[in-house]
Structures are given as C-alpha cells and as structure tokens.
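Subject: Structure for you to look over

Dear colleague,

I am passing on the structure below, together with some notes on what was found in it. Please read them beside the model.

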Amino acid sequence: MRLQKFLSAAGVASRRAAERLIAAGRVKVNGTTVTKMGFVINPAVDIVEVDNRPVRPADEKEYILLNKPAGFITTLADPYGRPTVAELAKDSGRRVFPVGRLDMDTSGLLLLTDDGKLAHRLAHPSYGVEKEYIARVKGRLPAETLRRLAEGIKLADGITAPAVVRLIKSTGSSSTVSLILKEGRNRQVRRMLEAVGYPVIDLKRVRFGSIKLSGLKEGHWRRLTGEEIKSLKELVGLR
Ligand code: URA
C-alpha cells in the first residue's frame, strides 16, 4: 500500500495533506524518514510514525491516554464553545470517545477510544474497575474520617461502596489523600469529601484499572501500548 494511502486510511490526514506530511519529512517507516512519494509499505509489518508517534492501521482500534488539565470538558463538542478533551486529542486523527468522565475542574487520566465494547465495560459499574484519585483538602484529615470514607458515606444517591483510602501527606493547612473507588458516580470524590466536611481543593485521577498516568505531561496524550490494551481487556473479560 502506498504510504499516503495508508496515512489517509488510518485517518491521519486527507490524501493531499498526507503527501504534504511526507514531503515535510514528518513521516518515518521503520524508524527511517521517508520523503519519496509513492513509497510502498506493508501495513501488516511496517511501523509508520508521524512526528515520532506510531500510526495505527485503519483496521485497528485506537486507544489513547490523555492527561486532562483542569478547565477542559469531557465531551467531543460543547455547545457553549468551552475547551474540550476532543481538541487535546485532535491530532490523533481518529474520532475517539472518552471512557467515563472527569469533571471540568478535575485533572488527570482520561482514556479515549473508538473501541465501543471495551469502553462500555470499563465504564460500567458492574465490572468494578478501580479508579485512583489524589485529592487535596483543607485542614488535617483525622483517621476517623478516613475510616468513614473507606467504609461508605451516605450521599443523596445512596451509600458509597467500600473504598481504599490512604492519607499521603498532611500539613497543618491541607491534607493529600488517595482514594481508590470501584464506582464512578457523578462528582463522587468531591461529594464524598464534602459530606465529611472537607471540600476538595484539587482533584486528579492517577490510575484507571491497570493504566497509570505517570510521566505524561498535562495536556499531552500518547497511544496505549499493546501490553496496556491487553491488560485493560483482561480486566473486563475481553479476549
Ligand atoms: N470524582 C469527582 O468528584 N470528580 C471526577 O471528575 C471524578 C471522580
């Protein structure tokens, strides 16, 4: 398959724009920059990169890990024109959908994919996929409050399921706490901490199932590795 056709089929760019990417020296095949037009590749074995990021062939699903900054909405399009996560992952070239949701004010790990089956299972509470959050609250969180958060807190939509709650740091003026939840109710961490009298100042998701955020800068994204995709699928009984 011609390189420009491969790139356009993979959704990277139109055929003409793909030719411009190649001419500009932004495309590599098996690690070597290719500027020759009409270069032929074998999509089954050759690794094609644009701007040093591997391109997934059209017949493979896309799996993206985004470090969402606060201030972006977890949606593909916002009628009010506010910044969206879709804009941050736009240059992946694929139409991917967020797995679950992070509040506008929450930062951290968000998965985006066009694999509807996996996305559905990962987001569905019956699979109990762990989500880990780091929250900062004002004041010193007492052990008794940590225990209540772990055992279950009464919220307007019912008692929360058992969680793993660990104090990471406490200065006089603020505490940092890790919460591992298997549920994913709307604004759950904020509501849990609010309910015990410690409103959240700052909230970040650092893990989703087997996937960790570590090392990815805010506002940046990367493709999941084959191993990461496999481990996520295994978590929810796929393949
Ligand atoms: N809990 C929250 O309160 N907000 C999120 O974005 C995710 C979990």
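In these notes, a residue counts as near a molecule if one of its heavy atoms lies within 4 Å of it. This is a predicted model, in which local features need pLDDT of at least 70 and side-chain atom pairs count only at pLDDT 80 or more, while totals for chains, interfaces and linings use all residues. Residues are numbered from 1 along each chain as its sequence is written, and side-chain values use heavy atoms, with hydrogens and water left out.

Around the ligand stand Leu102, Asp103, Thr106, Tyr133, Arg187, Gln188, Val189, Arg190 and Leu203. Domain 2 (63-125 + 213-235) and domain 3 (130-208) each give at least three residues to this shell, the bounds coming from an automatic or database domain assignment.

As for polar contacts (pairs of N or O atoms within 3.5 Å), a side-chain N or O atom of aspartate 103 is 2.7 Å from a nitrogen atom of the ligand. On its own the ligand has 240 Å² of accessible area, of which the protein covers 96% (by the Shrake-Rupley method with a 1.4 Å probe).

Finally, on the overall layout, the protein also has a domain 1 (3-54), and the centres of domain 1 and domain 3, taken over C-alpha atoms, are 46 Å apart.

Best wishes

Methods
Polar contact = N/O pair within 3.5 Å; in protein donor to acceptor, adjacent residues only side chain to side chain.
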